[in-house]
Amino acid sequence: MNIPYLSLRSILAKPLSSFLSWLLLAFGVTVVVLILLVSRELENEISKNTKGVDLVIGAKGSPLQLILANIFHVDFPTGNINLMEAAEVSHSRYISEVIPLSLGDSYAGYRIVGTTDAYAALYGAELSAGGWFEHPMQVVVGALVAEKLKLQLGDTFESQHGLSEDGEAHESEPFVVAGVMSPSNTVLDKLILTGVASIWQVHDHEEEHESHEKDSLITIDHWGLTVTREQYEEEQITSLLVKYRSPMGAVMLPRAINGESSMQAASPAFEAARLFNIIGVGIQVLNILGVMIIAISAISVFIALLNSLKDRKYDIAIMRSMGATRRQILLHILFEGLMITFVGAISGLLIAHGVLYAMASSLEGINPRTFYFINEEWIVLFGCLIIGLLAAVIPAVLAYKTDISETLAKG
Amino acid sequence: MLVTKNLKFAYDEEALLSFPDWEVAAGDHALILGPSGCGKTTLLHLLSGLLRPTSGSVVIEGTHLETLSSSALDRYRGQHIGFVFQKPHLIGALTVEENIRLATFFGHKPKRNKEIGQVLEDLQIHDLAHRKVFEVSQGQAQRVAIARSVINQPAVIFGDEPTASLDDESCTAVIRLLKSQAEACKATLIIATHDHRVKSEFPNQLTL
């Protein structure tokens, strides 16, 4: 027998009102913590995938769309840019590294990206099997793609035009799986990588080009890519991922491209921040909702304690007659409020992590660390305990002040 | 063992209650008699330290209650004084056994498992030990209350109308139980009542 046990028993003695207080608090905490975790994961995801890319150059259109399509591979590309124009821009002295991307095809809903080895290197990808793509029509598949589509080395498939699963199939020679990447927890996991030339080859077959005679070759130094003159003049790619040589690049390059070429340049950091601003309103609304539910829960704890105090006035007087001090009675009521809020807050935290885990299983490509606890959760937990204390303090003081003689005389 | 002197208490300035000096010897059982509203309960609360007198003194076994601080008085009450009220007033959230254990906790006399078992046995409520208090009858609840009052082996057991709401048979049974339990733990029994059925049982009587 001790004071916390006494408090626990009196919580259990009124299960319905305790349940309501617990439910409200657990729900409020779930909402707040879930938002915290999701926005933290989202920021994490964004910074992970934009790391090493200072600028994306692509066809004119929405800059946000350009970033979404070429960095996160979620939206549709803005269009294509000419290879020649892209190659010329790459020679700019503000650029230290540049990676070409060619989008637009997919296989079973997973995007095929025509690029160079540098793209995989950008995210520090490693192979779990096979080798990198060297020849046209060889692909390296992301870990998630390999797992979901059960692709193994040597498997072949035909790509589809467009980025959705119901796209028209290309009737060309099939792609061959040359390598499988290990999970990198980046966007690479859900991509199929191949050489830029593979994409051209697929499309050329359909267009039935007549001239196949050997052409003079042109090497695009910055890309580590050699193309024929015909390809150089006629082919297109989707975008360039650029790393600046110096901070001066950030000042000069976007202005030059946006003003003087038919292409546009967009900064992933800037566009991601803009995206966060857009969804920030929704996050804030949800957060306010969560905090309000927590506040309602505190009021419910307060009312439940105050109400029970009427019935328990005699209990308290009896305990005092048995030798309980005022301080013990005060603690008894405070513990009751604290216990409900503590259990409610802990349940809320666990439910939030559980929901995150469920979401992670259904949302492919996002890999939240389900059982990674962030510092803000301590603040939420601590805040809930403070709220529980505040809700219990008035009933506790009233109980503290109970006039035992008067109460017992009335009994 | 219990001595009062010039005991006065005022709820407000107009209604001053003064009580005659009184002495109860150790092991001597006594009654406080009088009609309703004459101050029996007030006197009982003064004697047991639930209420502080406006003036005068209460001495129990040499301890001057009026000199104790508030928390020392609580502690003294827990260790040396037991109460039985008209209604059992058990703590609803706890079981029968826990109600008795609670008295040992607040009375700073923990680990009295043997004594708790014994008193449950003596009062024939052993079978009810793990029942919720609302599952037992009124008469059984009153026995739990008696068990609760004696578990700390107090010096004095105060009864405030413990028989008022009982029929003749239960009244005799409760008085007999109270007396036997008080004697078993060598406590002095002091009962405030207007119930004439119990008069003949106690030679030392104070009529207000």
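Trainee: In which loop is the place of Ala108(A)?
Mentor: Ala108(A) sits in the loop between β3 (95-107) and β4 (110-115) of chain A; here helices (H or I, at least four residues) and strands (E, at least two) are DSSP runs, numbered from the N terminus. This is a predicted model, in which local features need pLDDT of at least 70 and side-chain atom pairs count only at pLDDT 80 or more, while totals for chains, interfaces and linings use all residues. Residues are numbered from 1 along each chain as its sequence is written, and chains are lettered from A and ligands numbered from 1 in the order in which they are written.

Trainee: Where is the place of Val156(B), and with which residues is Val156(B) in contact?
Mentor: Val156(B) belongs to strand β8 of chain B and counts as buried, because it has 22 C-beta neighbours inside 10 Å. Two residues are in contact if their C-beta atoms, placed from the backbone, lie within 7 Å. Apart from neighbours within four places in sequence, Val156(B) is in contact with Leu2(B), Ile60(B), His80(B), Ile81(B), Ala187(B), Thr188(B) and Ile190(B). Val156(B) and Ile81(B) are 5.1 Å apart in space, C-alpha to C-alpha, and 75 residues apart in sequence.

Trainee: In which strand is Val58(B) found, and is Val58(B) buried or exposed?
Mentor: Val58(B) is in strand β5 (residues 55-60) of chain B; it counts as buried, having 21 C-beta neighbours inside 10 Å. Beyond four places in sequence, the contacts of Val58(B) include Thr4(B), Leu7(B), Leu46(B) and Pro53(B).

Trainee: How is the packing of helices to be read, and at what angle do α10(A) and α12(A) pack?
Mentor: Two packed helices are described by the angle between their axes and the distance between those axes. Axes are lines fitted to C-alpha atoms, for helices over the stretch in contact, and angles run from 0 to 180 degrees between N-to-C directions. Angles under 35 degrees count as roughly parallel, over 145 as roughly antiparallel, 65 to 115 as roughly perpendicular and the rest as oblique. The angle between α10(A) and α12(A) is about 25°, with the axes 9 Å apart, so α10(A) is roughly parallel to α12(A). The contact of α10(A) with α12(A) holds 17 nonpolar residues, one polar and no charged; Ala, Val, Leu, Ile, Met, Phe, Trp, Tyr, Cys and Pro count as nonpolar, Asp, Glu, Lys and Arg as charged, and the others, Gly among them, as polar.

Trainee: At what angle do helix α2 and helix α12 of chain A pack?
Mentor: Helix α2 (residues 15-50) and helix α12 (residues 375-400) of chain A pack at about 160°, and their axes are 10 Å apart. The two helices are therefore roughly antiparallel, and they cross in a right-handed sense. Leu25(A), Val29(A), Val32(A), Val33(A) and Leu36(A) of α2(A) make the contact with Glu376(A), Glu377(A), Val380(A) and Cys384(A) of α12(A). Seven of these residues are nonpolar, none polar and two charged.

Trainee: At what angle do helix α3 of chain A and α10(A) pack?
Mentor: Helix α3 (residues 63-72) of chain A packs with α10(A) at about 110°, the axes being 9 Å apart, which makes the two roughly perpendicular.

Trainee: Which residues of α1(A) are buried?
Mentor: They are Ile3(A), Leu6(A), Ser7(A), Ser10(A) and Ile11(A). These residues cover an arc of only 140° around the axis and are therefore on the same side of α1(A); the arc is that of the directions from the helix axis to the C-beta atoms.

Trainee: How many residues of chain A are in contact with chain B?
Mentor: On chain A, 20 residues are in contact with 26 residues of chain B. The elements giving two or more residues to this side of chain A are α1 (3-13), α10 (268-321) and α13 (404-410). The most come from α10(A), with six residues.

How values were computed: Buried ≥ 20, exposed ≤ 12 C-beta atoms within 10 Å, placed from the backbone. Left-handed = near helix turned anticlockwise from the far one by under 90°.
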